[in-house]
There are 2 protein chains.
Amino acid sequence: MTIALLTIGDEICIGQIVNTNAAWMAEACAKEGWRVLAHSVVGDELPNILNEFQRLLGLADAVLITGGLGPTHDDRTKTALVEFLHDTLVLHEPTLEHLRNLFKRLGRDLTERNAAQALLPGKCTVLQNDKGTAAGMWFTLSAGTMHNASKRDKIMVSMPGVPHEMKHLMQDRVIPRLRELSANDAVMRYTTLLTTGIAESTLADLIGDVEPILEGQELAFLPSPSGVKLRITVTAANRVSADALLERIEERIRARANKFIFGKDGDTYDAVVGALLAKRGLTVAVAESCTGGLLGATLTMKPGASAYFLGGVQCYSNDAKMRFVGVKPETLRLHGAVSEETARELAFGICERFQSDIGISVTGIAGPDGGTPEKPVGTIWVGIADKKSVEAHKYTVGGDRIVNRERAVAAALQLLFKKVSGV
Amino acid sequence: MTIALLTIGDEICIGQIVNTNAAWMAEACAKEGWRVLAHSVVGDELPNILNEFQRLLGLADAVLITGGLGPTHDDRTKTALVEFLHDTLVLHEPTLEHLRNLFKRLGRDLTERNAAQALLPGKCTVLQNDKGTAAGMWFTLSAGTMHNASKRDKIMVSMPGVPHEMKHLMQDRVIPRLRELSANDAVMRYTTLLTTGIAESTLADLIGDVEPILEGQELAFLPSPSGVKLRITVTAANRVSADALLERIEERIRARANKFIFGKDGDTYDAVVGALLAKRGLTVAVAESCTGGLLGATLTMKPGASAYFLGGVQCYSNDAKMRFVGVKPETLRLHGAVSEETARELAFGICERFQSDIGISVTGIAGPDGGTPEKPVGTIWVGIADKKSVEAHKYTVGGDRIVNRERAVAAALQLLFKKVSGV
């Protein structure tokens, strides 16, 4: 089963809203083993909408449309569908009844404009929307007809653009129906291995010749601030063979690069590190200079962080480094705030003050100002201490301020991971 | 000038990454007065990429392409461009030099794989990428040629998909060139004034009769969680007249409502608050419980934060609240960590310990666990203190953990803005 996504609406087209719907829908489809071939966004202009219906139907087995179903004059999707399919609007009694109940429950009058949302194309199967006023519409276009010259029936589905309404319709109405239609299809499935501490080209060299590993399947290298992601994509006759194939390929990649792989798929560094800390019963405290609190914010992103995160000090000023974490004045004077010595004293000091098992510190030059030839923008020191020892590592990252801070946090989590996992 | 956006990459197509690039680019183009007609996303398959080149060139004056420029085998954009334009790859010496310098600075060897990024299509104008290894490529397709049957030259630009590299190329290379090409076009431009602390209807009354202000142009009132936004939209024969018109209208609105306007367009609360603090010579310290450092991280997002941000304590545990910020044990015992009393003691305590002009605290139940009937998930207390006084405000927000923390930070920044601006 191949899928194309069409988003209709000026507000998306001109960038006032990020198209999170498309990502959510694409991921939901990919999880089912369907191939998403394209996303498309057009504004509220009829000719462009009609052109996209035609093009995407030529491309994919199912076209999933969101947006343009509201009650105002700039919502054109229904009009476009009726024109494209030579259909007419008819009153759909169950939808009118649903609207009446909904408005009653909200204590509002059902206006004529809202009641018109029960006028729906005669050829569609109506998908009741329990979460809102705009019904979903499912059209089956028979093979070999004017709009579908292919040999397989094609599907068009129209859903509202409100995210929670779209998700409801996808999960409860659309995906189950598509699943039935594709029960005997070949599937495409994927898994993503998350690496850290290795550059894209070095990783590619380490894995080496991919031909014998891949059995004709695909491997993609995806750089990200937290490390390079390796996405394995396989196509197989069914889900079971696909999963077996994925497992074999993953094993072969792990045989070559396992020590750089910290997790897979939806795993995040903070979650992996957090789970490890909780499992080992260890606690951590942070001393943050250039990250201003971002490391602590990241370590507390997942529920249950209070089991391992005690807290920390945002020691942005030198005064705070001395008074609240115990860095010696002469250390700052002799070596500066961005130095191995300061990173070590911060990590050790925070560990001691919070009586945590592990103390971790970040001090660096996030930029764009403050760099020197000796310590350019992007110089980061991360310190890590336990009750017996302390060490610090230097990183040189080359992005803008936001990226440098994210990389500093990623480096700190990486050190923490190494310490706790014993890698 | 009309624009189409093309994003290339399986990771976007299958929903692993949200297409934030497209929204950013669309907004940047709309700001210039150019009409964005379509966004399109395709995976890394050559035929689909080639089809989209052809289709989007038929649709718009300029096709802006991102993604698929990395050094590995799954990056196909350069191959696609060469094939589509019947071009060949040639070594671009300045890019090789740039790569050599970049790798030297990072202390890494320039591998053959990376050096291949200096092989670029002969027909393009190379756009140097100061932030990364993949150069931008600008192609001018003359009117009336095979790829461009129209009467106007068309533009194709290829940029890397890494957001900060794309933004750099757009801002410093692409937009200035497109601006030159469209200097004599009619434009629609807009600007948005951001207000806070005033209701929509009160603001409308304050601004009063808009007819004489607007010279026939448009003003929209857009309510949002951070305050009402005022969007001015003008249409004019060219950019210069449009900007003059925008400026006149903005001035007239400011004459009536200036004290409620905290910024415009892309301004964020943290940047505006930071600039205000710097201007007034005031310093701030934070005590963060449920946000774990996110408020400090937000206050230090912009360069120059050391002028006003002294630091803070991430007092995630009760022990940290007492030992490092001075909350009284009986306050925690009688009222709990999420209470007016604790928020006040945290704000006052952090102000005192850091000797800052202002202290601000956040304590709340971010969820999903820890809620009670009396204090449900989403209950947030924000405290704000100076050397003489302290107050705390309660917010009830109803999102998931991540959203609740973001809203807590937004509430804290708003209180800080009110205090510093005297609104």
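This is a predicted model: local features need pLDDT of at least 70, side-chain atom pairs count only at pLDDT 80 or more; totals for chains, interfaces and linings use all residues.
Which residues of α11(A) are buried? They are A:Tyr269, A:Asp270, A:Val272, A:Val273, A:Gly274 and A:Leu277. A helix of this kind has 3.6 residues a turn, so residues three or four places apart point the same way. Just after α11(A) comes A:Gly281, with a positive phi of about 65 degrees.

Now let us turn to chain B and a pair of helices. Two packed helices are described by the angle between their axes and the distance between the axes. For α8 (residues 200-207) and α10 (residues 239-257) of chain B, the angle is about 110 degrees and the axes are 8 Å apart. Angles of 65 to 115 degrees count as roughly perpendicular, and α8(B) and α10(B) are therefore roughly perpendicular to each other. Where they meet, α8(B) brings B:Leu203, B:Leu206 and B:Ile207, while α10(B) brings B:Ile253, B:Arg256 and B:Ala257. Sorted by class, this contact has 5 nonpolar residues, 1 charged residue and no polar ones.

Next come some backbone details. Most residues other than glycine have a negative phi, and most peptide bonds are trans.

| Site | Feature | Value |
|---|---|---|
| B:Asp265 | positive phi | near 50 degrees |
| B:Gln355 | positive phi | about 50 degrees |
| A:Gly367 to A:Pro368 | cis peptide bond | omega near 0 degrees |
| B:Gly367 to B:Pro368 | cis peptide bond | omega about 0 degrees |

Where do these sites lie? B:Asp265 is in the loop between β12 (261-264) and α11 (269-280) of chain B. B:Gln355 is in the loop that runs between α15 (340-354) and β15 of chain B. B:Asp265 has 13 C-beta neighbours inside 10 Å, so it counts as partly exposed. B:Gln355 also counts as partly exposed, because it has 13 C-beta neighbours inside 10 Å.

In chain B, B:Pro368 sits in the loop between β15 (358-364) and β16 (379-385).

Key:
Residues are numbered from 1 along each chain as its sequence is written. Chains are lettered from A and ligands numbered from 1 in the order in which they are written. Helices (H or I, at least four residues) and strands (E, at least two) are DSSP runs, numbered from the N terminus. A residue is buried if 20 or more other C-beta atoms lie within 10 Å of its own, exposed if 12 or fewer, and partly exposed in between; C-beta atoms are placed from the backbone. Axes are lines fitted to C-alpha atoms, for helices over the stretch in contact, and angles run from 0 to 180 degrees between N-to-C directions. Angles under 35 degrees count as roughly parallel, over 145 as roughly antiparallel, 65 to 115 as roughly perpendicular and the rest as oblique. Two residues are in contact if their C-beta atoms, placed from the backbone, lie within 7 Å. Ala, Val, Leu, Ile, Met, Phe, Trp, Tyr, Cys and Pro count as nonpolar, Asp, Glu, Lys and Arg as charged, and the others, Gly among them, as polar.
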